[in-house]
Amino acid sequence: MYSRHARTLLATSLFAVALTACGAADAEPRRAETASPSTHGAPSAADSARDALIARADLGRIKGSDSASVWLVVISDFECPFCKRWHDETAPRIDQAYVRTGKARVAYLNFPLNTHPNAQPAHEFAMCAAEQGEFWRAADRLFATQDLWKRRRDAAAYFDSLGVALRFDMPRLRACVGDGVLKELIAADYQRSVRIGVGSTPTFLVGDQAIIGAQPYEAFAAALDAAIAAAASRPSR
């Protein structure tokens, strides 16, 4: 999914961080605490169920037509105010102009900063919603209520109440959150992003271009249009 030029582009775009992005990330994310599946013999039924849940969650944070020629990769932190600004102001316009029209697909990568104490449980809630096909509804509600949960001592209880309000399958959601099965997926997102040079949120990848910070809609429209034009000019296989 990542462009081979992403690291260079990210390194040369840091001027945008100060005013439009949350601060630099620590080198190491929170460690996942889930147990590794057994490596001896055939997979157990529990291992198969776990793998299926992870696969559903992985697909659940993607939206758009399978035939879209361009990806917009959103690398974000639910507790970051600049991520909220972009989600509230710019994402709906991109969704209307590019996603619903079949021009682009959006994929969300988890990047919970260690400086945001409630980011990790927020991402776990969203990804457990994703395995029910409810990631984007969860994301909308998390950003809409960010000021209500970001300083809570027991944010997990608040997220549980959001799930109830959204009428998610709560036994399924609570089992997913309680087992911590998606912590590894969140940590993998973080590590992959760090490897290509991501150090703040939000960061975006559009084709060969990186956009750092909550830039205006016009910056994304220009990048998406260029990527769509480039994809159209490539010879068919």
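A residue is called buried here when its relative accessible area is under 20%, exposed when that area is over 50%, and partly exposed in between (1.4 Å probe, protein chains only). The structure is a predicted model, so local features need pLDDT of at least 70 and side-chain atom pairs count only at pLDDT 80 or more, while totals for chains, interfaces and linings use all residues. Residues are numbered from 1 along each chain as its sequence is written, and side-chain values use heavy atoms, with hydrogens and water left out.

Of the 237 residues, 49% count as buried. The accessible surface of the chain comes to about 11800 Å², and carbon and sulfur atoms own 53% of that (Shrake-Rupley method, 1.4 Å probe; for residues, only the protein chains shown count as cover). Contact means heavy atoms within 4.5 Å. Among contacts in the chain with a separation of 6 or more, 82% are between residues 24 or more positions apart.

Next comes the inside. A nonpolar core is a set of buried Ala, Val, Leu, Ile, Met, Phe, Trp, Tyr and Cys residues joined through side-chain atoms within 4.5 Å. The largest such core has 66 residues, and those with the most contacts inside it are Leu72, Phe78, Trp86, Phe135, Leu142, Phe159 and Leu182. Helix α6 gives the largest share of this core, with seven residues. Leaving aside residues up to four places away in sequence, Trp86 touches Leu72, Val74, Ala91, Ile94, Phe204, Ala214, Gln215 and Phe220.

Helix α3 (residues 45–60) is a handy one to look at. In α3, Asp47, Arg50, Leu53, Ile54, Ala57 and Gly60 are buried. These residues sit on the same side of α3, because they cover an arc of only 155° around the axis (the arc is that of the directions from the helix axis to the C-beta atoms). On the face turned away from that buried side are the exposed residues Ala45 and Leu59. The cover over the buried residues of α3 includes β1 (62–63), α6 (119–130), α7 (135–144), α10 and α11.

Helix α12 (residues 217–233) has 17 residues and reaches 24 Å from its first C-alpha to its last, close to the 24 Å expected at 1.5 Å a residue. Its buried residues are Tyr217, Phe220, Ala221, Ala223, Leu224, Ala227 and Ala231. They pack against β2 (70–76), α4 (81–89), α5 (91–99), β3 (104–110), β4 (203–206) and β5 (209–212). Arg93 lies in α5 and is partly exposed at 43% relative accessibility. Not counting residues up to four places away in sequence, Arg93 touches Tyr217 and Glu218. Arg93 and Tyr217 are 124 residues apart in sequence, yet 7.2 Å apart in space, C-alpha to C-alpha.

Gln146 is found in helix α8 (residues 146–149). This residue counts as buried because its relative accessibility is 1%. With residues up to four places away in sequence set aside, Gln146 touches Phe78, Glu79, Cys80, Pro81 and Lys84.

Then there are the charged pairs. Side chains of opposite charge can pair when their charged atoms come close. A salt bridge is a side-chain nitrogen of Lys or Arg within 4 Å of a carboxyl oxygen of Asp or Glu, and by this rule the count comes to 14. One of these joins Asp160 and Arg174, with the closest N and O atoms 2.8 Å apart. The pair links distant parts of the chain, as Asp160 is in helix α9 (residues 155–165) and Arg174 in helix α10 (residues 170–179), 14 residues apart. Asp160 is partly exposed at 24%, and Arg174 is also partly exposed at 44%.

Another salt bridge connects Asp189 with Arg192 (3.8 Å, N to O). Both lie in helix α11 (residues 183–195), three residues apart, about one turn of the helix. Asp189 is buried at 0%, whereas Arg192 is partly exposed at 29%. Asp58, Arg61, Asp189 and Arg192 are linked in a network of salt bridges.

Methods:
Helix = DSSP H or I, 4+ residues; strand = E, 2+ residues; numbered from the N terminus. Expected span 1.5 Å × (residues − 1).
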